[in-house]
Amino acid sequence: MDTTCINAQGVRECFACYLQDKLGMYADEKDIRNFESVLYRIKTRQADNNSVEDLCKPVFMEPVLRLKGEPCRILEVRNLYALLFNMTGFINISRNEAAMILKRCFPNVFANTKVISINKSLTRYKFEGMDTGMKIPYLRSSDSQYFEKMLNKYIR
């Protein structure tokens, strides 16, 4: 088998594990797999064929993501900003495209929020989020290579 396919499949598996690690306490595994599928379609799209907006679909339908077993605790929206901002280089998207992904994949969480506001918020918490107790902290870099190196800890 082609080693490129093995490496790409390995990266995809690590990416799926990363999303499960970050969202698994708040969302169903099926929703996380659907979200991973949307993000990977965006990552592997041909530059001139599909817009990010066309590849997105509603995945998480709840108005908030609640901690399993403790429904009074919710995942703050700033954690979703960090999640998408961290992978902008990896899935080769702009901040505006990351905002569209959040708006489309989390339609009820961002029901009353415009894409431009989400775009601005993607970096609003970055400097305070790197050193605080955010559930999904900002990485030091949103560079693709940095993100892929971070994914190495999810190799099974």
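Accessible areas were computed by the Shrake-Rupley method with a 1.4 Å probe, and for residues only the protein chains shown count as cover. On this basis the accessible surface of the protein chain is about 8,800 Å², with 48% belonging to carbon and sulfur atoms. The structure is a predicted model, in which local features need pLDDT of at least 70 and side-chain atom pairs count only at pLDDT 80 or more, while totals for chains, interfaces and linings use all residues. Residues are numbered from 1 along each chain as its sequence is written, and side-chain values use heavy atoms, with hydrogens and water left out.

The predictor's confidence in each residue is given as pLDDT, from 0 to 100. The protein chain averages a pLDDT of 89, and 91% of the residues score at least 70. Over residues 1–6 pLDDT stays under 50, and the model has 1 contact (heavy atoms within 4.5 Å) beyond four places in sequence for this segment. Where pLDDT is low, the predicted coordinates should not be read in detail.

The protein chain contains 8 helices and 2 strands, taken as DSSP runs (H or I, at least four residues, for helices; E, at least two, for strands) and numbered from the N terminus. Their order along the sequence is α-α-α-β-β-α-α-α-α-α. The radius of gyration, taken over C-alpha atoms, is 15 Å, close to the 15 Å from the globule rule (2.2 Å times the number of residues to the power 0.38) for 156 residues, so the chain is as compact as a globular protein of that length. Along the principal axes, the C-alpha atoms fill a box of roughly 50 × 35 × 30 Å. Among contacts between residues at least 6 apart in sequence, 68% join residues at least 24 apart.

Of the 156 residues, 40% are buried (under 20% relative accessible area; exposed is over 50%, partly exposed in between; 1.4 Å probe, protein chains only). Beyond four places in sequence, Ile101 touches residues including Phe35, Leu39, Leu84 and Phe106.

In α4, 8 of the 10 residues are buried, among them Tyr81, Leu84 and Phe85. Thr88 lies in the loop between α4 and α5 and counts as buried because its relative accessibility is 8%. Beyond its neighbours within four places in sequence, Thr88 contacts Ile93, Ser94, Ala98 and Ser142.
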